[in-house]
Each structure stands twice: as structure tokens, then as C-alpha cells.
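Please consult the sequence and the structure as you read.

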Amino acid sequence: MQQSNVKELVSEFKDKELDEIMRYFLAAYAGSSVKDQDRIALASSLGAEDQVLTHIILSIKPEARIFILDTGRLHNETYELMSRTMKRYEMKYEFLFPESADVEAMESQDGPDLFYESIENRKKCCFFRKVKPLEKILSSLDVWITGLRKEQAVTRNALEKIAWDKANGLIKLNPLADWTEKQVWAYIKEHHVPYNKLHDQGYPSIGCAPCTRAVKPGEDLRAGRWWWETPEQKECGLHLVDGKLAGRRGSHGSSG
Ligand code: SF4
């Protein structure tokens, strides 16, 4: 896949419906045999948007690849949602864990809750628990699907539905880029999509348990993520900002 092909895809699918876009990409990047895995997958954080995409994708292709970055620090409610979703759709996730040697070395040096000490420590933890495992799976894909939306954060204002991920050399498909929060929840209710019980307890955005809190009425959607940092710093390295894999160790930016 080349960056130039992406420009053609952007123009071809500019005015197409979400269902048509998903059908095209799931078919175009399917594996050519049972042994040959699909080159397209959804990166699910089990958030509301990812649950919507899980529903849509599995209704088109029941065996589509959906992977989870299990940091080892997720809420119990998130693990419970994984089980509920697996039963509802009769599917299995691909689980990605951090390298145990990385986590052992990090915690031995800085302790288990290092992320509260400094932004550098927080990004180090996100790097070992999320970014590094993600980079590993992205190297096997041509397209990764995300549930990112423009209105989620100041760092996502320029988000496009189909974009070239320069740092990882693949297409990043953000089908819900233009959706509002209201649309997401209307879809969930209409289609009885399973969702995280924490959403009913004031958590609009859910990440790792020690780095997520409930938000107060009127607060920004991502105010509860890394709440001790400023909005411009609230990304964890999973998503590009201005063409850079922001949030990698030693750089700034990106999400989860
Ligand atoms: S969100 Fe918090 S616990 Fe999770 S990987 Fe990042 S710093 Fe570590």
C-alpha cells in the first residue's frame, strides 16, 4: 500500500455511506485463504465508538479481526464487557499484552503507579503497555480501523475518515470521524449494542483504571483521562498527530 493510493480512496469514498465504506475495505483487505490472515483489523478499546464499530463490522463479516490492547490495568467492568460482547456476537478477540520483561523492568525501577509522578513516566507506561504491542500488530496490517471522532479532543480536530498513517506505513480508517456523541449513543440504543457499565456512572471515555475518572456535568468528554495533565498532553501514543506517532517515548501527543 502506498500513500498515493489513499488519495484516490479518499476521493472515491468522500460521499459514501459508512456501510459501503466498511464493506469495501473488509473485502479489499481480506486474506486470500484460510491461512492468510486479513490485512485489516479494528483496534478496540471497548469504548462506545468501538462497540458501534464492532457491531457494524461483525454484521458485515462475522469473522473480522478485532484486537484489544490488554494493558493489564483495565477496569473490571471493561473485562466484563469483553466477555459480554464475545457471547453476544459469538466472536473471539485477539489479545495483545505488553512484554513482561518491559513491565518488570519499568515497575522495578519506577513502581507500579509511576504515571502519576511525571508526564515522562506516564508516556513510558503507555509506550510499554500500549504503543509497543500496537506497533507489533500494525506491522502485519494494511488497514487499522479506529473509533476516533473529531469532537473527542483538541488533538483530534483534523481527523479524516480515511488517512495515511505515515509513521506506521498503513491506512488508518476512522469511519466515525464525523459522528457526534449523540449519534453514537442513538446507535447503541437502537441496536442494543453492549456497552461498558462505567458509561452510566459518569465515564464518557474509558482507558486504564488508574488513569480514568468520572467527569462532572459540563466537563469535557476526555476530562477524566489523565486528569492531572493539560488537554494538549492527553494522548498516549496510539494515534498520529501531524504525521507523527505522538506520545512515543521522547515525543509528545497521541491516544487511547
Ligand atoms: S493509561 Fe495509565 S496505566 Fe494505562 S498504559 Fe497509560 S499510563 Fe499506563
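A nonpolar core is a set of buried Ala, Val, Leu, Ile, Met, Phe, Trp, Tyr and Cys residues joined through C-beta atoms within 7 Å. A residue is buried if 20 or more other C-beta atoms lie within 10 Å of its own, exposed if 12 or fewer, and partly exposed in between, with C-beta atoms placed from the backbone. The model is predicted: local features need pLDDT of at least 70 and side-chain atom pairs count only at pLDDT 80 or more, whereas totals for chains, interfaces and linings use all residues. Residues are numbered from 1 along each chain as its sequence is written.

Q: Which residues of the largest nonpolar core touch the most other members?
A: Ala41, Val143, Trp144 and Ile145 do so, in a core of 47 residues. Helix H6 (119–138), a DSSP run of H or I with at least four residues, numbered from the N terminus, gives the most to this core, with 7 residues.

Q: Why is Leu46 called buried?
A: Leu46 has 25 other C-beta atoms within 10 Å, and the term requires 20 or more; therefore Leu46 is buried. Its phi is near 70 degrees, a positive value in a residue other than glycine.

Q: What makes Glu90 count as exposed?
A: Glu90 has 8 C-beta neighbours inside 10 Å. The limit for the term is 12 or fewer, so Glu90 counts as exposed. Phi of Glu90 is likewise positive, near 50 degrees.

Methods: Helices (H or I, at least four residues) and strands (E, at least two) are DSSP runs, numbered from the N terminus.
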